[in-house]
Amino acid sequence: MALAGTGVFAEILDGEVYKYYADGEWRASGSGKSVAIVNPTTRKTQYKVQACTQEEVNKVMEAAKVAQKAWARTPLWKRAELLHKAAAILKEHKAPIAECLVKEIAKPAKDAVTEVVRSGDLISYTAEEGVRILGEGKLLVSDSFPGNERNKYCLSSKIPLGVVLAIPPFNYPVNLAVSKIGPALIAGNALVLKPPTQGAVAALHMVHCFHLAGFPKGLISCVTGKGSEIGDFLTMHPGVNCISFTGGDTGIAISKKAGMVPLQMELGGKDACIVLEDADLDLVAANIVKGGFSYSGQRCTAVKVVLIMESVADAVVQKVNAKLAKLKVGLPEDDSDITPVVTESSANFIEGLVMDAKEKGATFCQGYRREGNLIWPLLLDHVRPDMRIAWEEPFGPVLPVIRINSVEEGIHHCNASNFGLQGCVFTRDINKAILISDAMETGTVQINSAPARGPDHFPFQGLKDSGIGSQGITNSINMMTKVKSTVINLPSPSYTMG
């Protein structure tokens, strides 16, 4: 039963092409062209979205600039009220949005629903947090600095940046959109969303929930189209005052081209799982399977390399293989554990890494099996540093195991990576865990659990090629504001209670 594009969502569809959102209304692009979205499971066109033009982007930017000025004059409690309303509407319509996620990105049905609900919760939390942290400023007095009397009072507060450009990735096109939209709006900014092609229809449905909540016209826009036509045009647009991007190495190109604007970027990882001899091996195996294979490994924070002490390696590999054998492989509609990867080119890339490992003598714990975009879960043992899979990010259900003879060896491999998003260490010794955590060059280290981005108010950041800036609700709100100071100069020094 198709729910997407029906009921309250009927107005976002024009024939068989979804409209884009500008100036508070749903529109067809003047280009007359559309972009096809291929269903990863059927490998046939599932949806079509507008191919917006540069001229349409210009109009969106102009409208955003005007709307932002009025929004900055809207009381904080009113902004929060609208966000709470959007959150409730989003949760109410979780079924059609989840359906888009299943069809566009082959996300298992139950995970798709979870993503939408989590996104609603994130929006509400952002509204609450924003009211608190933006409602508080700072008073500084001059006499704390040598040579000064108390004759200057400095009042500082956080003000909006202007127009925020949000570019989320295919794997969480709703959740990683609202994690940018919510903070931008509560802080008084306008927001332009450029969704990923796969995930665009889910994003358009989500944007309609903000429309139904009654946000002012022009404050939120959603433009779809070919990256080659409007990608650089958006990121280099003079009307953009901040860019929040989650995705792959495109982010490095964006950071080189973008103007003098604050950037928030998360660009993937090669999250290492270091396993010590005293670890709880059942816990390790469960987390390797969850961390390495949930959503077919297509997560920035997936476990992407296991660095395990030789003495416990056989036992853990055996336990992991037993769990992998029980995973359900198949259709996202059937809530399978392993579903097709997002595109044929992704599947080909993963296969290239697997074949390289095969040529160089890795141990295949399962036979390599692929049908279309569906790749069966695969654990590769005895992987060596000369194999591509030891370093590259597969973004698929294939996980390398590198056996180590010392903790130092594990830390060295982790830190030799060009990525530094998250990592994890498994041990029963808290002292060792802290020392290893401090030594790992990653934005977050999880102790006795697989890496994860959530809960959504935790700081989330990457070192090295994994990104710049920090996310998490509080950090995102702060990042999307600037400090403004007003200094009161008194004719003579004044001391409280003096």
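**Close-up views of a sheet and its salt bridges**

**Lysine 464 is partly exposed, with a relative accessibility of 37%.** Here buried means under 20% relative accessible area, exposed over 50%, and partly exposed in between (1.4 Å probe, protein chains only). The model is predicted: local features need pLDDT of at least 70, side-chain atom pairs count only at pLDDT 80 or more, and totals for chains, interfaces and linings use all residues. Residues are numbered from 1 along each chain as its sequence is written, and side-chain values use heavy atoms, with hydrogens and water left out. Lysine 464 forms a salt bridge with glutamate 441, the closest N and O atoms lying 3.4 Å apart. A salt bridge is a side-chain nitrogen of Lys or Arg within 4 Å of a carboxyl oxygen of Asp or Glu. The partners are 23 residues apart: glutamate 441 sits in the loop between helix H13 (430–439) and S23, lysine 464 in strand S25 (residues 463–464). Helices (H or I, at least four residues) and strands (E, at least two) are DSSP runs, numbered from the N terminus. Glutamate 441 is partly exposed, at 37%.

**Seven strands form an open sheet with mixed pairing.** Their order is S16-S19-S20-S15-S14-S22-S23. S16 (363–364) and S23 (444–447) are the edge strands, each pairing on one side only. Strands pair if DSSP finds at least two bridges between them.

**Strands S15 (residues 303–309) and S20 (residues 398–404) run parallel, joined by four bridges.** Methionine 309 has isoleucine 404 in S20 as its bridge partner. Helix H10 (residues 310–326) packs on the sheet and touches S14 (271–275), S15, S19 (378–381) and S20. Contact means heavy atoms within 4.5 Å. The directions of H10 and S15 make an angle of about 140 degrees. Axes are lines fitted to C-alpha atoms, for helices over the stretch in contact; angles run from 0 to 180 degrees between N-to-C directions.

**Aspartate 282 and lysine 319 form a salt bridge, with the closest N and O atoms 2.8 Å apart.** Aspartate 282 belongs to helix H9 (residues 281–293) and lysine 319 to H10, so the pair ties together parts 37 residues apart in sequence. Both ends are partly exposed: aspartate 282 at 48%, lysine 319 at 30%.

**Glutamate 333 meets lysine 103 in a salt bridge (3.1 Å, N to O).** This pair spans 230 residues, from the loop between H10 and helix H11 (344–359), which holds glutamate 333, to lysine 103 in helix H3 (residues 94–105). Glutamate 333 is partly exposed, at 35%.

**Salt bridges link Glu310, Asp314, Asp381 and Arg403 in a network.** The whole structure contains 21 salt bridges.
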